[in-house]
Amino acid sequence: MQQSVCLVDDDSDLRKAMTQTLELAGLTVMAFPGAAEALAVLGPDFDGIVISDIRMPGIDGLTLFRRIAGFDPDLPVILVTGHGDIPMAVQALQDGVYDFIPKPFAAERLVQSARRALEKRRLVMENRALKRAAETAGESLPLIGQTPVMERLRQTLRHIADTDVDVLVAGETGSGKEVVATLLHKWSRRRDGNFVALNCGALPETVIESELFGHEQGAFTGALKKRIGRIEHASGGTLFLDEIEAMPPATQVKMLRVLEAREITPLGTNLVRPVDIRVIAAAKIDLGDPAQRGDFREDLYFRLNVVTLSIPPLRERRDDIPLLFSHFLTRAAERFKRDVADISPAVRHHLMSHSWPGNVRELSHFAERVALGVEGSLGQTTASASLPGSALPEQLERYEAEILKEVLRAQRGDVKATIEALGIPRKTFYDKLQRHGINRADYAERPASEKPVR
């Protein structure tokens, strides 16, 4: 939709001349002889700007500005006058007027000011639309996205959620595989049962079998009491096996039996126990490709592959990035108790040009840094990192150090808050501080007694 300029001036000749000037520059103009007529069409949803004379009968330009600020302080107002002086101009700008143009003025001066104001208004309206969409999607639709591929994915989830079939979810790291599994559980008749998640790549081979199947007291050294396994705990609900490609071969054999017979035999007993589970498995590789499958059992793959859902990486659905980012930014601002920042042109460029290898998880962490005010590093840090003659590893090291400093500064040296904002383990955080020679205490807020008196 093309933005409009709402022009208000009681001088018909000047109003016509200004309208012609703006229209010759390619702008759409709605011209009114008085403020009352203009106010009848203006509101928070008006996507354009206002240019008004100050000296007018009835409602003057300054009063018109105050009326507009009352219902939308982000609507740019440009005031034009032949009677204004410097104090009036200064006060008007301090009160929030976008620009102040004294008569006589060059046509290009008016056009340039109008174009800058329209660009500001466009960004404001886009940010508002994204925030509204994110708020709508935030709770009722956790799998956020408006692209056709995401619409189809949600439709498929709704269609199969209540069918009780086992599902294989394929997608890159950070793409949202657990979100899909959670939705399948919440939208199914099993929603009142347990949703039990296990990352097969996070447990050593000596532990995973006990975690899955449970054990009896004395089944092995250290088994001091009976333990219910994850599979049995999920009975009546859903079992989510993440990174199933990392499951040890011996465990794969037993898992195949579970899928075929829906029964388990805990370690240390010969008693067979029936289980009522739905299995959702997730893999970050294509298990259908023998070259990628490796030592993962083909029969287990086929048993899991009743329904396969593929989650596209973020780089293949770039139109969803602004909406996702707005959702994460709002959530991060609430978490850190900060005002929700508008999306600046630098951040917007980064959103649409970055490849996002970490997918939605990486985007979420980036939104947290923006909420903390670290987005300035997009320009300054990149520039300082890209020094002539610097090798790529050196540039990356400098970039990482600047980000650490920015987040520490934003968090006033608070370790826990900084680690959460960066999304890294505590040990990694301290290792990086040592490597870059950063002293956390330099960023800690000092007691009032130690602060200099000004």
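Select F240 to start: this residue is buried, with a relative accessible area of 1% (buried means under 20%, exposed over 50%, partly exposed in between, with a 1.4 Å probe and protein chains only). The model is predicted, with local features requiring pLDDT of at least 70 and side-chain atom pairs pLDDT 80 or more, while totals for chains, interfaces and linings use all residues. Residues are numbered from 1 along each chain as its sequence is written, and side-chain values use heavy atoms, without hydrogens or water.

The ring centres of F195 and F240 are 6.1 Å apart and the planes meet at 20 degrees, so the pair is stacked (Phe, Tyr and Trp rings, using the six-membered ring of Trp, pair if their centres lie within 6.5 Å; planes under 30 degrees apart are stacked, over 60 edge-to-face, the rest tilted). F195 belongs to strand β7 (residues 195-199) and F240 to strand β10 (residues 238-242), so the pair ties together parts 45 residues apart in sequence (strands are DSSP runs of E, at least two residues; helices are H or I, at least four; both are numbered from the N terminus).

Next, select F325, L351, L363 and F429, which have the most contacts inside the largest nonpolar core, a set of 36 residues (buried Ala, Val, Leu, Ile, Met, Phe, Trp, Tyr and Cys joined through side-chain atoms within 4.5 Å). Helix α13 gives this core its largest share, eight residues. Ring pairs link F325, W356 and F366 into a cluster.

Finally, select R158 and W187: the charged end of R158 sits over the W187 ring, 3.6 Å from its centre (NZ of Lys or CZ of Arg within 6 Å of the ring centre and within 35 degrees of the ring normal).
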